[in-house]
Amino acid sequence: TAEQGIPDARARRTTAQMMDTDALPPVDVEAIVASYSGNACIRRLLFVAERSDHEALRLDALRAAADILKAGENTRQYAQVVERIGGRLGAAYELDQACVDEVDRRAAQRQEILDSELNGYKTNMIKESIRMGHNDLGDFFYSRGDLVGAFKCYVRTRDYCTTPRHVVGMCLNIIRVSVESENYAHVQNYVQKALQVPDVNEPVIVAKLGCAAGLAALESRKYKLAARKFTELGVELGGAYREVISPQDVAVYGGLCALASMDRAELKKCVLDNISFRAALEAAPEVRELISDFYASRYPACLTCLEGMKPALGLDLHLHHHVEELYAQIRQRALVQYTTPYTVVDLSRMAGAFRTETHNLEKELATLIGDDKIQARIDSQKKVLHARHANQRNATYARALATGQEYRRGTHALLLRASLIKHNCAARQASGGGGGG
């Protein structure tokens with residue numbers, strides 16, 4: 001009978017910490033501002049303000065977003081944020097119409113200058129200048145919050161790229177805009193284009209492309225592919241891609257996708273024995289502990305850690321609509337991993353380890369048995385799970401028979417070859433000599 005489910009000290013400690021911090025908001029606005037830059041930071045702050053149940057957290061996120069937007073050029077989004085604040089933060093966070101008008105005036109002048117310069121470059125037919133002109137106009141539209149205009153300008157640079165670095169720069173610009181506009185088909189396409197460019201092997205650029213490919217796989221619910229992309233990243237990325245993703249995101253996304261999609265051998269190879277990704281996990285210690293608990297079969301601590309992370313993951317821009325599915329897959333893998341070593345498992349003890357009622361556990365196990373993920377049968381009267389292992393004796397005889405047949409085929413082929421050579425029936429390659437003509 002399985003002897004797992006013994007109370008774990010780490011599980012008790014984690015539960016106590018959760019009780020102490022129950023009233024605290026699940027995310028820290030200051031940490032978001034420090035971890036991301038530009039539009040990535042604003043998008044996450046506005047997402048928290050929209051999804052959070054904590055009134056104070058929503059206002060804090062809106063305040064931080066308003067401060068960043070007021071210092072930038074996206075006046076339309078600034079006005080929308082101020083409207084959402086609705087005067088709840090005092091006079092300092094009411095719409096500064098004079099500032100908006102001034103920024104809009106300067107933006108109109110700058111756009112006129114950029115358009116004029118680009119037209120001049122096209123007249124002179126200087127490819128590099130035309131490329132830079134489209135790029136500058138794309139950056140302008142991006143800063144103003146016009147993602148469609150920015151995308152069009154960045155795409156137009158393609159015909160004027162003269163070096164591999166220019167092509168990669170174009171791809172990274174389009175990827176950044178496509179991530180923000182949630183067009184992950186474009187993300188995947190331009191990642192592939194960039195990877196096909198010769199002589200571009202800078203570690204940071206490769207890491208950025210890996211991050212983008214991981215996000216595209218995650219959004220497509222290809223969790224194993226996403227896990228591989230994120231776990232292949234090393235520490236060289238650091239904070240170099242803060243306009244899209246943070247180092248903590250890489251650790252969290254890669255760790256959870258790996259737990260949900262990889263078996264024990266793959267988890268050990270790609271995560272636990274992967275020195276580069278283990279270094280990346282330092283940015284998310286809770287995920288590192290979670291993976292360690294899962295691999296060591298400390299299920300109470302593992303489940304407690306998952307529940308503790310859930311509120312924050314529900315406010316994550318990219319992960320929020322994957323949380324339930326990832327958690328379900330992780331729990332299924334834990335159930336399979338728990339039952340694998342045993343012939344007989346006590347369902348009452350197993351239910352205690354997985355923090356559920358015995359009848360609910362029976363339903364979960366029945367589903368896994370029906371999906372052929374667990375080879376077993378349930379004795380509902382005695383509350384016991386009996387594993388159905390293959391007949392080892394029959395399996396041994398089958399292997400021996402297969403080995404004998406393979407030896408027989410090999411011996412027959414060897415004798416046939418020897419007979420052909422003996423009777424001079426083997427084809428020989430013509431020796432030396434070259435023909436002229």
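Analyst: Rings of Phe, Tyr and Trp (its six-membered ring) are taken to pair if their centres lie within 6.5 Å; planes under 30 degrees apart count as stacked, over 60 as edge-to-face and the rest as tilted. The model is predicted, so local features need pLDDT of at least 70 and side-chain atom pairs count only at pLDDT 80 or more, while totals for chains, interfaces and linings use all residues. Residues are numbered from 1 along each chain as its sequence is written, and side-chain values use heavy atoms, with hydrogens and water left out.

Across the whole structure, five aromatic pairs are found. F230 and Y253 form an edge-to-face pair, because their ring centres are 5.8 Å apart and their planes stand at 65 degrees. F230 belongs to helix α12 (residues 223-231) and Y253 to helix α13 (residues 247-261), so this pair ties together parts 23 residues apart in sequence; helices here are DSSP runs of H or I with at least four residues, numbered from the N terminus. Both F230 and Y253 are buried, meaning under 20% relative accessible area with a 1.4 Å probe, protein chains only. Elsewhere, ring pairs join Y299, Y338 and F354 into a cluster.

Turning to the cysteines, a disulfide requires two cysteine sulfur atoms within 2.5 Å, and the count by this rule is zero. For C171, the nearest cysteine sulfur belongs to C161 and is 8.0 Å away; C171 is buried, at a relative accessible area of 0%. For C302, the nearest is that of C305, 7.2 Å away, and C302 is likewise buried, at 2% relative accessibility.

How values were computed: Buried means under 20% relative accessible area, exposed over 50%, partly exposed in between (1.4 Å probe, protein chains only). Helices (H or I, at least four residues) and strands (E, at least two) are DSSP runs, numbered from the N terminus.
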